Amino acid sequence: MLDFFQSLSDGVLFGSTYALIGIGFTLVFGVMHKLNLSYAAASVGGAYCGLLVLQVFAGAPPVVVFFCAFLAGGLLGWLVYLTCFHFIPISNPLATLMATVGMLLLIDEIIVHLTAGMPVGYPAMFDDVMLRMGEFTVRGDLLMVFAVSMLCMGGLLALLYKTRLGLATRAVSQQTVAALLCGIRVGQVNAMTFVITGLLGGIAGAMIGASVGTLSPLLTTPLTTKGLIVTVIGGLGSVPGAIIAGLLVGGFENVLQQYRGVTERDLYVMLLLFVFLVFRPGGLFAPKGGRD
Amino acid sequence: MDFYFGLAQIIGVHTLIGLSAYIVLLTGQVSLAQAGFFAVGAYVAGMLTVLAGWAILPALAASAVLGAVVACAVGFPALRVKGLMLVIVTLAFGEGVRLFFFNFDYQVAKGGVKLGPLGSEGFRQIRYFPENGWTTMDVMLFIWVFVTLAMALLWWFDRSRYGAVLRAVGEDELAAQSVGLNLTAVKVSAMTIGGAIAGLGGGIYAHYTTHIEHASFGILLATFALAYPILGGLGSVFGTLLAAMFVQGFLVEGLRFLGDWRNLLFGALIVLAMNVRPKGFLDAPTLLGLKRLFGGKSGAA
Amino acid sequence: MKQIAVAVSLAFAAVGTTGALAQEKTIKIAGFGAKSGVVRSFGVNSEAAMLAAADQINKAGGIKLADGSKAKIKIDYYDDRCTAEEGISVARRMAGTDALVGVGPTCSNVAEPLFGILQKKVDDKSDSGMQFPIFSDVAIKGGLARISEWSFRNVPNEMTMYSSLFYWLKTQHPTLKTVFGGVEEDFAHSRATWYVVMKDRAIANGYTVAGESKWLLADTNFATQVREMKKANADIVAISAHPFSTCGVLKEMQRQGVKPKLLVGLTSTSSLETMQGCAKQAEGMMIPTSFAPVNKEATAAANATAKFKGSADLHSMAAWENMFILKQVMESENLSGNAKDLASDRRKVRDGLAKLKVTKGLLGDTKRTDDREADKPYLFVQAKSGNWVVLHNPL
């Protein structure tokens, strides 16, 4: 029984990294009804950029690295918007989808060229803290990641529901044409959405780097898959849904890994997705309807 | 010369997997499951020629049939959802197939050597072509017979009522339904034909690479299956062919002289292509222009 | 439409730039391996080692041909992106140039399909496989050269190395009894090395296997696996995984306070990658490897490679050795070096390689086996403060 709870808690805490990636996918989807497949790659890219600080100031504390990853993520988000969304007509979802695939490959390859593809150590906070309750342990650094993702969600919800920018964003996501008629600059709102998700992605990448301890371009594909699954299970467009689904998938896969082994683990995650599609096709928090 | 024949083999097989995604895309469905059907075809054909000693043609026929059956079976439940949900469901299915072969062991001793799929170590020695003395050119011609057939079939569809039905569903499901089209039948039939073409492509792939493993049939291949018709444009089957030539012939092999820049340009040029030609290389105006150029009957399509 | 026309014509123009006629006599050797993706460092290092070796051979006069003249070596290096299709394509491209032999590839999953398209048995008229000798430097998964008589490898024999390592450990630490294995399950090489080599050799040397845990190449969370490891409380932990997941596991072991008495790693992990990812956690890890700069020759080779911006490890130094082995073969087989004798020269290189019983390596003599594999000299290295230092030389 202890094994079960231990795997569950490890998985759930680790799931907060999936949740962070899921938020990014879901936000872009909520606002633009498009898929940004380069998101996980850009997030990891942002985390790599954070490391540049260490090149300049060798002894910079991890918080500084994380903050730079955050900023770099925002910049990358804007670049992705510019290259994959800005110039492509809105009526052409396939073209943007493919453009973001191109961007994913490009970001991966840039990382590979700058690091020769080798894994790079990433700084972490509280990585030597281990909370113990008898045999049961909780990783301190994962608790921090968990706290950060909760903070991000809180900040994001505040941004969406308490600011004018949030109002405009929600307006665009619900009725683009009506928003346009009300004088909202849809292009600007879309770009801002990308910057915001990019900032989040930078944090997500840094948190992933911190919790794994190493960064590698190997991370991008699994994160993309898991992030997408989390988005669907949470309900496309729902931020709290992505968080809860992230934790759920993290816990679920780790428990199954414990009992069914690593080779079958991901198969069950896919099955979980199908179960959701059959019994709750809208995900945990189905959006109330809108376009599409 | 063998190098060009080999490249033509690769372009041919990639055209096939592109065509399998093309017909599904015509109905407005974005499927990332094509790599899964491709994998099924590859393993089936490989096992039939190596373990059961079948000839290549019946083995390929079997892989096409099995690809179609799997696609049809997946099509019914999966096509209940659409849009981005479908993208992710099919992605999950494709990954599921890959993970199945990752866990799949079936080895038989043949002439003192154990042959057959062995989990993550893959399935080696699918050497039907070299063992039977086929030259690279023979294999290329063989592959292109199938590519031509598949293209001709889809081209003919485009000119028949069935093609119009497919596109009608792709353009506006509600309108299509209201004129009495059975959406499920149309979508599942497109998926099934796509599955057959992908299965066939996979069967050929297994034989020209001689070794297959689960990792070759991942998300990257699924994305490329989609990339060909999207890059090429949905206006014509030739778009997919053109895109397969662009990616495999130009981006992969043609840019080799650029050394390290080749890999960086790979992604960048895809981004650029989508910005410059969001409707693909062969979009409607280009096709019309081409028709005028060659003096064909305009408006025949 | 114009773009397409330009693109297509460019493609054909670019594809067509193969096989230029050599003015003065040169011998072309083609190298290939991964220079993109996560294994990029392998390709970069092998290319540097080949260029450095060719430079050294050329400075010493080059290769003596049958007519007594000397030819210079020229290296072309191709990126195969570590995929089967591109590897095959690159091999066909090499065979289409005047290259005499190919040195590569990086990935076992490229070597396997590539050796499959080669002719299985020489002189078998019914087999239309490619007739081009390939001499591998990196792809290490056991028994690959058996696939074709045109394929040769100069990679360490893991069976011998781990057998010797476990034997030596037994003599050094007679009190240690149990081994726990960690295996990267979805990568052909690491998987085969644990199940077929490490596990088998540990048992053969009197150890008890206390358990094994599995993970995937790109996994990020190793809590469960390390917990199993902790429970087993084995004396020795043997990890058969590549640097990225090895580092992840080592870091998790540190968190959970798992401190085995000895730590054993996978041959290919004894590289710079591991040190960059987790030098602190890898401290004390023991790995058998076929290269370390332990003598004058090996140090010189490493320095020469560094001049071409590559680092010397067991993989790139195999490429270095391959160049000198090829030189020896080419000179003893009386190559003509003329374009018209390309096919027969390639055959001579193949036959020469097949004839070799022993080759000179950086660490000493390498025995060649009948199935075209090498039995390379090896030594044990250990991670010490961010470097791999030699622990023991069993030979």
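Between chain A and chain B, about 3200 Å² is buried, 82% of it on carbon and sulfur atoms; buried area is the accessible area (1.4 Å probe) that two parts lose on being put together, summed over both. Three residues, A:Leu94, A:Met98 and A:Leu105, supply 18% of the area that chain A buries against chain B, more than any other three residues. The model is a predicted one, in which local features need pLDDT of at least 70 and side-chain atom pairs count only at pLDDT 80 or more, while totals for chains, interfaces and linings use all residues. Residues are numbered from 1 along each chain as its sequence is written, chains are lettered from A and ligands numbered from 1 in the order in which they are written, and side-chain values use heavy atoms, with hydrogens and water left out.

The interface of chain A with chain B brings 37 residues of chain A into contact with 36 residues of chain B, contact meaning heavy atoms within 4.5 Å. The count of salt bridges between chain A and chain B is 0, a salt bridge being a side-chain nitrogen of Lys or Arg within 4 Å of a carboxyl oxygen of Asp or Glu.

Chain B also meets chain C, with 48 residues of chain C in contact with 49 residues of chain B. About 3900 Å² is buried between these two chains, and carbon and sulfur atoms give 52% of that area. Here the count is 10 salt bridges. The side chains of B:Asp260 and C:Arg40 meet in a salt bridge, at 3.0 Å from N to O.

Over all chains, the count comes to 48 salt bridges. In one of these, A:Asp10 is paired with C:Arg227, and the closest N and O atoms are 2.7 Å apart. A:Asp10 lies in helix H1 (residues 2-32) of chain A and C:Arg227 in helix H7 of chain C, so the pair joins two chains. Helices (H or I, at least four residues) and strands (E, at least two) are DSSP runs, numbered from the N terminus.

Within chain C, helix H7 (residues 223-232) and helix H8 (residues 243-256) have axes that come within 9 Å and cross at roughly 60°. Axes are lines fitted to C-alpha atoms, for helices over the stretch in contact, and angles run from 0 to 180 degrees between N-to-C directions. H7(C) and H8(C) are therefore oblique to each other; angles under 35 degrees count as roughly parallel, over 145 as roughly antiparallel, 65 to 115 as roughly perpendicular and the rest as oblique. Residues from H7(C) in the contact include C:Arg227 and C:Met229, while those from H8(C) include C:Val249 and C:Met253.

Helices H11 (residues 314-332) and H12 (residues 342-355) of chain C pack with their axes 9 Å apart, at an angle of about 110°. H11(C) and H12(C) are therefore roughly perpendicular to each other. In this pair, C:Ile325, C:Leu326, C:Val329 and C:Met330 of H11(C) meet C:Lys348, C:Val349, C:Gly352 and C:Leu353 of H12(C).

The peptide bond from C:Gly104 to C:Pro105 is cis, with omega near -10°, and C:Pro105 is found in the loop between strand S4 (99-103) and helix H4 (108-117). C:Cys82, although not a glycine, has a positive phi of about 65°; this residue lies in the loop between strand S3 (70-79) and helix H3 (84-96).
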